[in-house]
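Please read the following note with the model open beside you. It is written as a set of numbered points for a reader who is new to protein structure.

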Amino acid sequence: MDRKPRLWITRRLSDATLERARRDYETVVNDEDHPGTAEEIIAASAEFDAIIPCHSEIFNADVVRRLAPRLKIVANHSVGVDHCDLPALKERGIVVTNTPDVLSDATAEIAMLLMLGAARHAIAGDRIVRSGAWSNWSPSFMVGKQVTGARLGIVGMGRVGRAFATKARGFDMEIHYYNRRPLTSEQAFGAIYHESVESLLGVSDFLSLHCPAGPETTNLMNEDRFGLLPMGAVVVNTARGALIDEDGLLRAIGTGRVAAAGLDCFKVEPGGNPAFSAHENIFMLPHIGSATTRTRDAMGFRALDNLDSFFAGRTPKDML
Ligand code: DGY
């Protein structure tokens, strides 16, 4: 290409990312920073060679079918790609990339925050102090569940699951996991493999979800599976809301099977589940697992690295 490729960036990415994008591409940024609608994506495909979307832009089969032939690459600013119909994009010959690795630590940090906060009454404790309602102290006040030395079940031992396991080892947790394949012993660092989710749940005093969303994992944690957890388990989700049957979680909270939950992802985003708000033992964050300055820059740079490779005629490192 003689001219610079035209790039549409759907959201307000980090300043460093935008500076580099503007230097190397003829870049248009959605400065209003609203999620790109189907019509906006389709219109952009006629004017741009490349799009950097976030998980907020939905490339479903209908959208993909209506994309103009000009669009050559969708370089996602996310590791998760459940917002993209990958087979449909492949059929249209559109290259798709994501941003693995660079957000694993930031996401694992949020999982740790949620696990500790859920286990130790962070929401109720903060409310009581902040509101001035803290008028008493007793040895039986706000007694939580100890993390140190407890059993932790991880579903999905990809990059984020392994980063979380590394942090949990700092709390001497006994790590169990379910994964499509067992890890090598160097990767597992002593973590115990389970051949089924059911087997894992039985030992998961703490459970953390780190697998991608897709048809096989939709409602992975349903009411029956919550029932397999040890009484008083703590459940953490920093992956995708689709993994949890939210009514099933509420019922498990109601029976005490699940003592507390820490959630960064919800079925409906933005917004979350209003029914969760009545439960102070559900510690919630608004999908900010990867939201640190360093990680946002790294995600943006990784997406641009993928674009650079593509437009230089090489296979992008993170091509799916
Ligand atoms: C991801 O990268 O998938 C995060 O959820 C942010 O989009």
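1. Basis of the note. This is a predicted model, in which local features need pLDDT of at least 70 and side-chain atom pairs count only at pLDDT 80 or more, while totals for chains, interfaces and linings use all residues. Residues are numbered from 1 along each chain as its sequence is written, and side-chain values use heavy atoms, with hydrogens and water left out. Helices (H or I, at least four residues) and strands (E, at least two) are DSSP runs, numbered from the N terminus.

2. The sheet of five strands. An open sheet is built from 5 strands in the order E2-E1-E3-E4-E5, and its pairing is parallel. Two strands pair if DSSP finds at least two bridges between them. Strand E2 (26-29) and strand E5 (95-97) are the edge strands, and each pairs on one side only. On average, neighbouring strands of this sheet are turned by 15 degrees against each other, direction ignored. Such angles run from 0 to 180 degrees between N-to-C directions, and axes are lines fitted to C-alpha atoms, for helices over the stretch in contact.

3. Strand E1 and its partners. Strand E1 (residues 6-9) runs parallel to strand E3 (residues 50-52), and 3 bridges join them. Trp8 stands opposite Ile51 in E3. E1 also runs parallel to E2, to which 4 bridges join it. The bridge partner of Ile9 in E2 is Val29. Val29 belongs, with Thr27, to the covered face of E2, whereas Glu26 and Val28 make up the uncovered face.

4. Helix H1 on the sheet and against H12. H1 lies across E1 and E2 and runs at about 140 degrees to E2. Helix H1 (residues 15-24) also packs with helix H12 (residues 293-311) at an angle of about 20 degrees, their axes being 8 Å apart. That angle makes H1 roughly parallel to H12; angles under 35 degrees count as roughly parallel, over 145 as roughly antiparallel, 65 to 115 as roughly perpendicular and the rest as oblique. The crossing of H1 and H12 is right-handed, a term used if the near helix is turned clockwise from the far one by less than a right angle.

5. The residues between H1 and H12. In H1, Ala16, Thr17, Arg20 and Ala21 meet Arg296, Asp297, Gly300, Phe301, Leu304, Asp305 and Asp308 in H12. By class, this contact of H1 with H12 has 4 nonpolar, 2 polar and 5 charged residues. Ala, Val, Leu, Ile, Met, Phe, Trp, Tyr, Cys and Pro count as nonpolar, Asp, Glu, Lys and Arg as charged, and the others, Gly among them, as polar. An α-helix has 3.6 residues a turn, so residues three or four places apart point the same way.

6. Is Thr17 buried or exposed? Thr17, which has its place in helix H1, is buried, with a relative accessible area of 0%. Buried means under 20% relative accessible area, exposed over 50%, and partly exposed in between (1.4 Å probe, protein chains only). Apart from its neighbours within four places in sequence, Thr17 is in contact (heavy atoms within 4.5 Å) with Arg296, Asp297, Gly300, Phe301 and Leu304.

7. The sheet of seven strands. A further open sheet has 7 strands in the order E8-E7-E6-E9-E10-E11-E12, with parallel pairing. Its edge strands are strand E8 (192-194) and strand E12 (282-284), each of which pairs on one side only. Neighbouring strands here are turned by 20 degrees against each other on average, direction ignored. E7 and E8 pair in the parallel sense over 3 bridges, and Tyr178 stands opposite His194 in E8.

8. Helices beside this sheet. In helix H7 (residues 159-169), the buried residues are Val160, Gly161, Ala163, Phe164, Ala165 and Ala168. They pack against helix H5 (104-119), strand E6 (151-155), strand E7 (174-178) and strand E9 (206-209). Helix H11 (residues 246-255) lies across strand E11 (258-263) and E12, at about 140 degrees to E11.

9. Tyr193 lies in strand E8 and counts as partly exposed at 28% relative accessibility. Leaving aside its neighbours within four places in sequence, Tyr193 is in contact with Tyr177, Asn179, Arg180, Arg181 and Pro182. Ser135 has its place in the loop between helix H6 (122-130) and E6, and at 72% relative accessibility Ser135 counts as exposed. Ser135 and Asp308 are 173 residues apart in sequence and 60 Å apart in space, C-alpha to C-alpha.
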